[in-house]
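Dear colleague,

My notes on what was found in it follow directly after.

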Amino acid sequence: MAILYYNPLMSRFQIFSAEEILSLRKGGAILRECLKEVARHTVEGVTTADLNRIAEAFIRARGGTPAFLGYHDYPASLCVSINEESVHGIPGPRKIADGDIVSLDCGVLFDGLNTDACISVLVGNVDPAVRKLSEVTERALAAACAIVRAGIRVGDISACIQETVESQGFFCLHGLTGHGLGTHLHQFPDIPNLGEKGTGPVLPPNTLIAIEPITSIGTRNIRQEDDGWTISSADDTPAAHFEHTILVLPERGEIIV
Ligand code: MF3
Ligand code: CO
């Protein structure tokens, strides 16, 4: 991503006040309900543009702003990535089909602060290997969230995700990472899905990170599609993606969404 202007939050942690934490919880609640509503509509025959409309209307009705819309000129409020597509799928006329794994990734801006979350939804009769990929990816996210507290290092999270995913014979896609967030949707630090324990920045208390394992059945390598946004697995095997925004507290992590 090109650096368009000097943004100090690209190189240091943003620390949140008690009042800002209340705002993060409100934004997170909107996003959690939004994803639930979009997931309920993720069935055979619905177009991905329909899902985007549902997400945008839901966020605005609750007083939030879609965080993705217009971000680096991204044209929608939701990313919908199907099967071999891993992230940043642009909604359009494509219809959800039986057997699809559909990643629904969305962000809310509330009181000037961003939250970001993703779930993968299995539609109808899904291949057992894809079901397992989805379960393992969700488990990797849960395992990583469970170790979050002030004082751990970013590499502790990366190693936990990599170990959970690779021990089951699956892959974390190279170059796709989680991130800090707050005033900006993406800010310091990157949270890689591949890495070593005991390395990287130490997490201070009252900071916010998005943890997002992005996996595939067959490869670590990615391919950028011609639309300039969609990123697929290089071998076209199915991908999965789950994401939480999590607040780093002195003794634990609090899942904001
Ligand atoms: N959750 C996505 C990510 O962290 C956010 C995508 S914003 C978009 O990469 F504008 F690129 F869609
Ligand atoms: Co994210």
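**Notes on the sheet, the metal site and the aromatic pairs**

Three strands form an open sheet in the order E3-E12-E11, and their pairing is antiparallel (strands, E, of at least two residues, and helices, H or I, of at least four, are DSSP runs numbered from the N terminus; two strands pair if DSSP finds at least two bridges between them). At the edges stand strand E3 (85–87) and strand E11 (222–224), each of which pairs on one side only. From one strand to the next the twist averages 40 degrees, where axes are lines fitted to C-alpha atoms, for helices over the stretch in contact, and angles run from 0 to 180 degrees between N-to-C directions. E3 and strand E12 (residues 231–233) run antiparallel and are joined by two bridges, and Val87 stands opposite Ile231 in E12.

Please keep in mind that this is a predicted model, in which local features need pLDDT of at least 70 and side-chain atom pairs count only at pLDDT 80 or more, while totals for chains, interfaces and linings use all residues. Residues are numbered from 1 along each chain as its sequence is written, chains are lettered from A and ligands numbered from 1 in the order in which they are written, and side-chain values use heavy atoms, with hydrogens and water left out.

The cobalt ion (ligand 2) is coordinated at 2.1 to 2.3 Å by Asp116 (OD), His179 (NE2), Glu212 (OE) and Glu243 (OE); donors are N, O and S atoms within 2.8 Å of the metal (3.2 Å for Na, K and Ca), and since water is not among the atoms, sites may look incomplete. The spacing of these donor residues in sequence is D-x62-H-x32-E-x30-E. Asp116 lies in strand E5 (residues 113–122) and Glu243 in the loop between strand E13 (239–241) and strand E14 (244–248), so this pair ties together parts that are 127 residues apart in sequence. Asp116 is buried at 2% relative accessibility (buried means under 20% relative accessible area, exposed over 50%, partly exposed in between, with a 1.4 Å probe and protein chains only), and Glu243 is also buried, with a relative accessible area of 2%.

A search of the whole structure finds two aromatic pairs (rings of Phe, Tyr and Trp, the last by its six-membered ring, with centres within 6.5 Å; planes under 30 degrees apart count as stacked, over 60 as edge-to-face and the rest as tilted). Phe13 and Phe188 are edge-to-face, at 5.0 Å centre to centre and 85 degrees between the planes.
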